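Have the viewer open as you read.

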Amino acid sequence: MNTLVDENNEKREQLNVENKKVYEDMLVYVRLSFDKSEAETEEVLMELLDHLLILQEEGRDSRELFGSDPKQYAREIVGELPQALPKKVRALFMMGICYFLGFYLFTSGLIQTILAYGFHHLEQTKTYSLGTTIVGLIMGVAALAILAYSVFRYIQWSCFRHTSKIKEYILSGLMFAVFPGVIVLAMYLWLPSFGPTVVLPVYWMGIVGVVFLIMAKLLGRKI
Amino acid sequence: MNERSQLLKGILEGCILAIISRETVYGYELAVKLQQQGIDVKEGSIYPLLLRLQKEKLIHGEMRASDSGPNRKYYTLTSAGEASLEAFRQNWNSLKSPVDQLLDRGGS
């Protein structure tokens with residue numbers, strides 16, 4: 001499959017500026033429909049690219065291929081692509097969750113350990129309510145999933161609009177960083193303690209975080 | 001083309017099946033052949049239809065190297081596709097002359 005993606009990258013360079021812009025918007029829009037069969041997606045993208053290159057050679061306009069509303073055309077293509085959740089997408093999703101939990105647990109474990117052992121600001125052990133911890137983590141993961149999905153949709157929505165792409169990516173990046181932080185903070189403040197409690201040293205969180213990070217790395221290697 | 005009716009889409013699907021039944025073609029070739037037949041549609045409109053026909057397993061698409069070098073996706077008709085083409089042909093034949101007659105009478 002990667003050969004088709006590589007071939008696409010190479011061939012795309014032959015497009016002129018105007019055609020490249022339309023085609024790359026099309027490409028981003030179609031590829032971001034991540035619940036579609038990857039093979040079919042790349043094949044139809046290649047067919048469209050080949051067709052567009054022929055039109056370009058003949059001095060004809062991309063509108064003869066995509067019509068006057070390329071976004072509508074991209075939507076039509078996506079609508080006909082067979083549904084499939086590729087293994088890659090599932091692995092990426094799992095990897096995202098592991099990285100999120102890993103970074104979150106590791107950094108909070110590290111900070112608390114430094115505060116407790118280095119500066120004696122905190123107790124060296126902490127009481128965890130299992131119910132709260134589990135609900136909190138699930139909510140965090142759910143928030144992340146919703147966010148990732150909305151970023152995908154947002155970029156799709158922004159395709160074929162002629163505003164600065166870079167500005168939009170920075171904006172989505174900010175959303176990506178700030179939003180989960182707010183959720184986690186809100187949970188700390190408002191989630192009541194419930195479920196059985198365990199008392200553990202504060203570096204425990206850091207260790208679990210490292211385990212998640214290792215899992216994320218391993219998943220990443222498989223992709 | 002895209003905002004026009006389902007009817008036109010159905011007819012275009014039938015025409016695509018008919019062309020593929022005669023010879024193995026790739027996307028651009030198919031668009032050219034439709035135009036040579038005088039069927040004037042936006043060239044891009046064949047790709048969503050090709051995807052749909054593949055999903056319905058009426059045609060089979062396969063990426064392979066072409067004589068001139070680059071990989072192309074070639075389409076062939078499946079047996080279900082042949083049956084569908086035959087059904088289209090029958091429907092078309094049974095409708096063609098009554099509709100023509102009706103429209104002619106309406107025009108005179």
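## Ground rules and chain B contacts

Among chain B contacts (heavy atoms within 4.5 Å) between residues at least 6 apart in sequence, 48% join residues at least 24 apart. This is a predicted model, where local features need pLDDT of at least 70 and side-chain atom pairs count only at pLDDT 80 or more, while totals for chains, interfaces and linings use all residues. Residues are numbered from 1 along each chain as its sequence is written, chains are lettered from A and ligands numbered from 1 in the order in which they are written, and side-chain values use heavy atoms, with hydrogens and water left out.

## Chain B overall

Chain B has 4 helices and 3 strands, in the order α-β-α-α-β-β-α from the N terminus. Helices (H or I, at least four residues) and strands (E, at least two) are DSSP runs, numbered from the N terminus. The C-alpha atoms fill a box of roughly 55 × 25 × 25 Å along the principal axes.

Of the 108 residues in chain B, 40% are buried; that term means under 20% relative accessible area, with exposed being over 50% and partly exposed in between (1.4 Å probe, protein chains only). Chain B exposes about 6200 Å², and carbon and sulfur atoms supply 50% of that. These areas come from the Shrake-Rupley method with a 1.4 Å probe, and for residues only the protein chains shown count as cover.

## Helix H3 of chain B

Helix H3 of chain B (residues 46-55) is mostly covered, with 9 of its 10 residues buried. Among them are B:Tyr47, B:Leu50 and B:Arg52. Just after this helix, B:Lys57 takes a positive phi of about 60°.

B:Tyr28 sits in helix H2 (residues 27-36) of chain B. Why does B:Tyr28 count as buried? Because its relative accessibility is 14%. Leaving aside neighbours within four places in sequence, B:Tyr28 contacts B:Glu43 and B:Tyr47, plus A:His51, A:Ile54, A:Glu58 and A:Arg60.

## Where the chains meet

The contact takes 28 residues from chain A and 19 from chain B. About 2000 Å² is buried between them, 53% of it from carbon and sulfur atoms; buried area here is the accessible area (1.4 Å probe) that two parts lose on being put together, summed over both. In chain A, A:Glu47, A:His51 and A:Glu80 lose the most area to chain B, together 33% of what that side buries.

A:Glu43, in helix H3 (residues 38-57) of chain A, is buried at 15% relative accessible area. Not counting residues up to four places away in sequence, A:Glu43 touches A:Leu4, B:Met63 and B:Lys73.

## Salt bridges

The structure holds 17 salt bridges over all chains, each a side-chain nitrogen of Lys or Arg within 4 Å of a carboxyl oxygen of Asp or Glu. Across the interface of chain A and chain B there are 5. One of them joins A:Arg60 and B:Glu43 at 2.6 Å, N to O. B:Arg52 and A:Glu80 also pair up, at 3.1 Å, linking helix H3 of chain B to helix H5 (residues 70-80) of chain A. Both B:Arg52 and A:Glu80 are buried.

Within chain A, A:Asp50 and A:Lys11 meet at 2.7 Å. A:Asp50 lies in helix H3 and A:Lys11 in helix H1 (residues 2-12), so the pair ties together parts 39 residues apart in sequence. In chain B, B:Glu62 bridges to B:Arg64 with the closest N and O atoms 3.8 Å apart. Finally, bridges that share partners join A:Glu58, A:Arg60, A:Glu64 and B:Glu43 into one network.
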